[in-house]
Amino acid sequence: FQIYLTGSYENHHQIYTFSAVYGVLAVWGAICGIAISLKWGGFKSVLGRGILFLSLGLLLQEFGQLAYSYYYIVLKLETAYYPSLGDVGFFGTIPLYCLGIFFLGRASGVAMRLTSIKHVLPTIAVTFSMLFLGYALFLKDYTFDLSQPIKTFLDFGYPLGAAIYISLAIGVYILSTGVLGGVMKSKILFIILALCIQFLADYTFLYQTSRGTWVDSGINDLTYFISYFVMTIGLLQFGTIYKKLKGKNE
């Protein structure tokens, strides 16, 4: 943490080591999540699918991290190469997280109360709030560059995707019903927190790259590291639920 406390970037070895290694936490969390998913039945069960998609989304984050580390360490680029191969991983996380949360919702009995508009309104409000926040932070003074269609797509796709998966997660938390939904409700808070931190990390990256202030192993990487840690804790919570339910049935 000396890098963040002092603001010194003189020790390049230390900087590159952190940026290349901290994603190992995402790999470990993904492996644990996949193992827990298999205990719940893997792709054969609704909950197993939810945990599996979240785990695969976390794994894609590491793919993105490794790709960007390659540009810095091997190609020795001084600024973030955006968009790049790494964005295949980062953006690919969005649909996987959405699918994961969707199946968690089904396992929690969310469909039982979707007919009640009063329970859906908070989720809709969150979606528009997230989009407005993204606009205010990054897109307010945005200049369209039709010569870079992929960059333009990602600039809008990242905030929109983040708003969707966070809104879905909050909606699942609010609408959870039934025995399993009641058990999972507190655990879903870890997922919501992890997604919110990743939302902040994605926006920090977009903001800094648009202004040429992004640095390797800076505050942006630290934010991603924290989001991976919280997501890993969230996935492990489903393993705790499995052990408790299994213990009651024995």
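Start by selecting Phe-128, which is exposed, with a relative accessible area of 58% (exposed means over 50%, buried under 20%, partly exposed in between, with a 1.4 Å probe and protein chains only). Phe-128 lies in helix 6; helices here are DSSP runs of H or I with at least four residues, numbered from the N terminus.

The model is predicted: local features need pLDDT of at least 70, side-chain atom pairs count only at pLDDT 80 or more, and totals for chains, interfaces and linings use all residues. Residues are numbered from 1 along each chain as its sequence is written, and side-chain values use heavy atoms, without hydrogens or water.

Helix 6 and helix 7 are the elements that give two or more residues to the patch, and helix 6 gives the most, with four.

Now turn to the core. Select Leu-58, Tyr-165, Leu-195, Tyr-228, Met-231 and Phe-238: of the 53 residues in the largest nonpolar core, these touch the most other members. Such a core is a set of buried Ala, Val, Leu, Ile, Met, Phe, Trp, Tyr and Cys residues joined through side-chain atoms within 4.5 Å. Helix 8 gives the most to this core, with twelve residues.

Centre on Leu-195. Leaving aside neighbours within four places in sequence, Leu-195 is in contact (heavy atoms within 4.5 Å) with Tyr-97, Ile-101, Tyr-165, Ile-166, Ala-169 and Met-231.

Finish at Ser-37 in helix 3 (residues 24–39). Ser-37 is buried, with a relative accessible area of 1%. Beyond four places in sequence, Ser-37 touches Gly-42, Gly-48, Ile-51 and Leu-52.
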